Amino acid sequence: MSTRSTNGHPHSVAETSDATMGDPYEADAPDSDGGAPLPISSTEEPAVVITGIVGRLGRRLARRMHRDRRVIGIDRRPFEGRPKDITHYQIDIRRKKTRDVFRSTRISAVVHLGVMHDPRASAADHHTWNVAGFQKILEYVALYQIPKIVLLSSANVYGPRPDNPQFLSEDAPLLGGAAFSEIRDLVEVDMLAQSFFWKHPEIETVILRPVHIVGTVRNAPSNYLRLNVIPTLLGFDPMVQVIHEEDLVRAIGLALKPGVRGIFNLAGPPPAPLSRIVKTTGRATVPIPHALAGPMLAPLWRLRMASFPVPELDHVRYVCMVDDGRARATLGYAPSKSMEESVRAVSEGLWE
Amino acid sequence: MDPARQLVRLGDFARKDGLPFARDLLRKARGALDGVASSLLGREVEERLRRVSIELAPSGVDPFGWDPEYARYVIAAATVLSRSYFRTVVSGIEHMPQGRVILVANHSGQIPLDGVIIAISVFLEAEPPRIVRAMVEKWSQTLPFISTFFAKCGQVVGVPENAALLLQRGEPLLVFPEGTRGLAKTFQHRYELTDFGLGFMRLALATDTPILPVAVIGAEEQYISVANMKSVAKALHMPSFPIIPQLFLPGGQLPLPTRYRLEFGDPLYFRGDPDDDDAVIEEKVWVVKATIQSMLNRGLMERKSLFF
């Protein structure tokens with residue numbers, strides 16, 4: 001097999017997986033209507049399925065995990081530069097083929113990273129992908145009694161609001177969609193996982209709600225900190241939490257431990273005012289009066305000349321911070337990166 | 001054309017060509033302010049600020065955004081206001097317990113200067129010096145500059161979670177249970193306490209926190225309000241609309257330089273179920289209210305002059 005997988009870690013599992021799986025596209029058997037699991041050899045090491053594995057966060061997670069356990073990726077995008085011991089299925093999670101993956105493989109856990117956050121995608125596509133896609137995943141997890149599902153939700157489901165407590169607990173209402181309708185299907189996905197938690201007590205459901213993820217990832221907060229000129233709102237300087245992608249990947253690893261279940265907020269290093277975070281990037285800033293910022297951004301967004309919709313301005317206006325005490329106590333999670341390291345990591349990603 | 005670039009160009013112009021003068025002026029003003037601050041206060045404030053035991057993050061602020069570097073200017077200004085303008089007399093500050101405490105005070109004076117004076121008095125007189133946290137209106141968070149100003153001075157948004165977290169961190173919390181009802185009192189009702197809210201008592205019971213009654217004398221007369229136009233206030237979405245004749249006199253916009261008298265009483269300890277019926281909680285609140293009212297009455301009897 002590849003030199004990569006044998007590099008220091010003789011990895012026999014990789015061979016078994018390829019041997020039993022064969023070509024992933026041939027696994028699409030005609031009897032896919034039958035719900036019964038296919039006979040699976042009990043010697044096979046159970047795999048962790050990662051949806052949305054091709055994203056930057058998914059790749060990091062896969063790289064971290066594939067030496068210790070079998071990893072299967074599901075994503076509509078091709079996985080370039082894939083480590084050889086990772087099996088990747090380039091399929092849409094809403095398609096039936098996904099079910100065949102679940103049916104034909106021993107799976108110990110599903111990590112659902114495949115939540116689309118791109119506000120530029122059409123609302124309908126966004127909604128069906130996120131909600132219908134996740135519903136399918138939950139259906140398979142229940143049907144094939146997979147012991148664990150980890151959903152990567154986000155602290156954005158709470159939403160930045162003027163009346164937020166400084167640190168939101170996991171019990172806080174999910175009001176993120178009140179001002180920002182694109183967040184609604186993320187809230188819905190989170191809610192689906194919550195009801196699944198109660199409906200299927202035999203399955204360990206974990207919902208992770210991290211604050212702004214920064215690093216090489218292409219998400220709104222990292223892209224914001226990558227702007228050549230960072231716009232801020234004049235007279236507003238909320239306290240902000242960020243989490244380095246490496247810390248998040250570690251937290252996902254901790255969430256996969258047997259026995260862990262429930263909702264966990266995840267925060268990184270101690271919070272800092274937005275102005276300090278922006279200053280750490282060393283980039284220029286333009287403070288814009290908030291009365292102008294919305295009307296200015298709206299046409300730019302409509303023409304796709306800006307990559308942030310207007311309601312996201314609330315993130316540089318109000319607090320949306322979480323209390324991660326539960327994750328620290330139950331998961332044993334503690335961030336390893338400082339605020340400076342986390343924020344500087346967004347620029348490193350540019351040259352990768 | 002990239003609009004961001006246009007903005008930069010504009011910003012560059014403003015920075016490099018348009019306003020070097022203003023920048024220079026700003027630097028000079030800040031230098032002067034520093035000079036004034038340290039010459040007025042000497043080392044006292046700096047030394048007390050160093051002794052404040054609030055845990056700071058590496059970025060130099062506490063989790064609520066309290067920024068000692070910024071707060072020192074506000075403390076300097078408040079010290080001048082308290083010592084030179086209102087010539088505050090503080091008594092009973094030694095009753096202040098260590099650790100978490102809820103300061104409950106009467107509220108008056110049309111604008112909440114009484115909060116500023118209580119906070120600065122605790123900072124200047126209590127041993128060790130402490131930063132009093134007050135809860136601000138949620139609505140204030142939507143205002144530019146004001147939201148930032150409050151956060152940097154250690155004021156937090158008025159939600160129960162924040163209050164509980166502050167007390168858990170062992171910090172002093174200032175509460176005006178009368179709210180704007182007390183603040184907007186007309187002159188004829190001065191030093192008559194209005195209805196107390198019950199939230200502070202539930203919080204004290206839930207967190208097992210002592211209550212320190214504080215009587216503020218002098219704030220009632222800083223602005224003399226003859227009437228409160230409630231219908232106008234409602235139409236303008238303001239908490240009150242006082243009629244203050246002095247505002248029309250030259251210099252009358254400033255509060256009258258009455259002498260503030262602050263009395264800190266003995267701490268009160270309460271036990272009970274925080275989720276009890278209102279009637280049960282009200283009884284406990286009544287004890288606090290009666291204590292403050294009798295402190296006020298005694299203070300008023302002892303007061304010889306409004307201004308001296």
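Predicted model: local features only at pLDDT ≥ 70, side-chain atom pairs only at ≥ 80, totals over all residues.

Residues are numbered from 1 along each chain as its sequence is written, while chains are lettered from A and ligands numbered from 1 in the order in which they are written.

**Exercise 1.** Find where B:Gln110 and A:Gln145 lie, and decide whether each is buried or exposed.

*Solution.* Start with the backbone: B:Gln110 has a positive phi of about 65 degrees, although it isn't a glycine. Next, its place: B:Gln110 sits in the loop between strand 2 (101-105) and helix 5 of chain B. (Helices are DSSP runs of H or I with at least four residues, strands are runs of E with at least two, and both are numbered from the N terminus.) Now count neighbours, using C-beta atoms placed from the backbone: 20 or more others within 10 Å means buried, 12 or fewer means exposed, and anything in between is partly exposed. B:Gln110 has 21, so it is buried.

Do it again for A:Gln145, another non-glycine with a positive phi, here about 45 degrees. You'll find A:Gln145 in the loop between helix 5 (123-143) and strand 5 (148-152) of chain A. A:Gln145 is exposed because it has 11 other C-beta atoms within 10 Å.

**Exercise 2.** Work out which loop holds B:Pro128, and what kind of peptide bond joins it to B:Glu127.

*Solution.* First, the loop: B:Pro128 lies between helix 5 (113-125) and strand 3 (133-136) of chain B. Then check omega: at about -5 degrees, the bond between B:Glu127 and B:Pro128 is cis.

**Exercise 3.** Describe the surroundings of A:Arg328.

*Solution.* A:Arg328 has 16 C-beta neighbours inside 10 Å, so it counts as partly exposed. For contacts (C-beta atoms, placed from the backbone, within 7 Å), leave out residues up to four places away in sequence; A:Arg328 then touches A:Tyr333 and A:Ala334. Finally, A:Asn265 is 63 residues from A:Arg328 in sequence, with 9.5 Å between their C-alpha atoms.

**Exercise 4.** Say how many residues of each chain meet, and which helix of chain B gives the most to its side.

*Solution.* Count first: 25 residues of chain B are in contact with 26 of chain A. On the chain B side, helix 1 (3-18), helix 6 (146-152), strand 4 (156-157) and helix 7 (160-168) each supply at least two residues. Helix 1 of chain B gives the most, with five.

Notes:
Contact = placed C-beta atoms within 7 Å.
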